[in-house]
Amino acid sequence: MAFYSSPEEMYLARAKRFKKDADMHWAKALNGEGDYHYGKAKKFYKEAKLNEEKAVKAWGLSFKTAKKAERG
């Protein structure tokens, strides 16, 4: 991954983005723009939570490995 220094950073960035999108869809749903936005908001809040959990599990990991995979 070129943009992120660790998997934890990647998952936190994804969680932040999903939360931002969920908030946008929730606002549209509250303004009466339809059930589509309720569904999208629910989906994106769930994805944000999932990515936050993955970030916690990925704490301390790195994209760089100490040993390369053997190729045969």
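**View 1. F44 is a buried aromatic residue.** F44 has a relative accessibility of 13%, so this residue counts as buried. The model shown here and in the views below is predicted. F44 belongs to helix 2, which spans residues 35-57.

**View 2. F18 and F44 form a tilted aromatic pair.** The ring centres of F18 and F44 lie 5.7 Å apart. The angle between their planes is 40°.

**View 3. The F18 and F44 pair links the two helices.** F18 sits in helix 1, residues 7-30. F44 sits in helix 2, residues 35-57. The pair therefore ties together parts that are 26 residues apart in sequence.

**View 4. F3 and Y4 form an edge-to-face pair.** The model has 3 aromatic pairs. One of them joins F3 and Y4, with 6.5 Å from centre to centre. Their planes stand at 85°. An angle over 60 degrees counts as edge-to-face, hence the class of this pair. F3 is exposed, with 74% relative accessibility. Y4 is partly exposed, at 25%. The value for F3 is over the 50% limit, so F3 counts as exposed. The 25% of Y4 lies between 20% and 50%, so Y4 counts as partly exposed.

**View 5. Four residues form a nonpolar surface patch.** The members are W26, L30, Y38 and Y45. Together they have about 390 Å² of accessible area. Helix 1 and helix 2 each give two or more residues to this patch. Y38 is a residue of helix 2. Its relative accessibility is 36%, so Y38 counts as partly exposed.

**View 6. The whole protein sets the context for the close-ups.** The fold contains 2 helices and 0 strands. The protein has 72 residues, and 22% of them are buried. Among contacts with a separation of 6 or more, 58% join residues 24 or more positions apart.

How values were computed. Residues numbered from 1 in each chain as written. Predicted model: local features only at pLDDT ≥ 70, side-chain atom pairs only at ≥ 80, totals over all residues. Heavy atoms only, no water. Phe/Tyr/Trp six-rings, centres within 6.5 Å; stacked < 30°, edge-to-face > 60°. Buried < 20%, exposed > 50% of the residue type's maximum accessible area, 1.4 Å probe, protein only. Helix = DSSP H or I, 4+ residues; strand = E, 2+ residues; numbered from the N terminus. Contact = heavy atoms within 4.5 Å. Patch = residues over 30% accessible without salt bridge, like charges linked within 9 Å, V, L, I, M, F, W, Y side chains within 5 Å. Areas by Shrake-Rupley, 256 points an atom, 1.4 Å probe, with all protein chains shown as cover. Salt bridge = Lys/Arg side-chain N within 4 Å of Asp/Glu carboxyl O.
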